[in-house]
Amino acid sequence: KGFALAIYDVAVDGNSNVGWAVGNNGFLLNSMDAGHSWQRVDVPVALGSTWLRGVTLVADGRGSAVGSN
């Protein structure tokens, strides 16, 4: 019957205006305007079943995401 997408964490860097949001089933969003608009990012098929649980950024908008697998 389908499934619902859920966002678990969001991080936006105020200096670079870069933002990332992560969620279930490899759900990944990116923003380049401090979170005013978001684009879905395709992840490799192997990560499609991974539930991304958290994201953190450093000053230039780079960062890390952690998942359940």
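Colleague: Which residues does serine 31 touch, not counting those up to four places away in sequence?

Modeller: Serine 31 touches Asn17, Val18, Gly19, His36, Ser37, Trp38 and Gln39, where contact means heavy atoms within 4.5 Å. This is a predicted model, in which local features need pLDDT of at least 70 and side-chain atom pairs count only at pLDDT 80 or more, while totals for chains, interfaces and linings use all residues. Residues are numbered from 1 along each chain as its sequence is written, and side-chain values use heavy atoms, with hydrogens and water left out.

Colleague: Is serine 31 buried or exposed?

Modeller: Serine 31 counts as buried because its relative accessibility is 0%. Buried means under 20% relative accessible area, exposed means over 50%, and partly exposed is in between (1.4 Å probe, protein chains only).

Colleague: What does the side chain of serine 31 reach?

Modeller: The side chain of serine 31 reaches the backbone oxygen of serine 37 at 2.9 Å.

Colleague: And which strand is serine 31 in?

Modeller: Serine 31 lies in strand E3, residues 28–31. Strands (E, at least two residues) are DSSP runs, numbered from the N terminus.

Colleague: New topic. Which residues make up the largest nonpolar core?

Modeller: That core has 5 residues: Ala11, Val22, Leu28, Leu52 and Val55. A nonpolar core is a set of buried Ala, Val, Leu, Ile, Met, Phe, Trp, Tyr and Cys residues joined through side-chain atoms within 4.5 Å.

Colleague: What is leucine 52 in contact with?

Modeller: Leaving aside neighbours within four places in sequence, leucine 52 is in contact with Tyr8, Val22, Gly23, Gly26, Phe27, Val66 and Gly67.

Colleague: Where is valine 66 found?

Modeller: Valine 66 is in strand E6, residues 63–67. Apart from neighbours within four places in sequence, its contacts are Trp51, Leu52, Arg53 and Gly54. The C-alpha atoms of valine 66 and tryptophan 51 are separated by 8.6 Å, and the two residues are 15 residues apart along the chain.

Colleague: What about threonine 56, which strand is it in?

Modeller: Threonine 56 is in strand E5, residues 52–57. Threonine 56 is partly exposed, because its relative accessible area is 49%. Beyond neighbours within four places in sequence, threonine 56 is in contact with Arg62, Gly63 and Ser64.

Colleague: How many residues apart in sequence are threonine 56 and valine 10?

Modeller: They are 46 residues apart in sequence, and 8.2 Å apart in space, C-alpha to C-alpha.

Colleague: Last one. Why does isoleucine 7 count as partly exposed?

Modeller: Isoleucine 7 counts as partly exposed because its relative accessibility is 47%. Isoleucine 7 is found in strand E1, residues 7–12.

Key:
Helix = DSSP H or I, 4+ residues; strand = E, 2+ residues; numbered from the N terminus. Polar contact = N/O pair within 3.5 Å; in protein donor to acceptor, adjacent residues only side chain to side chain.
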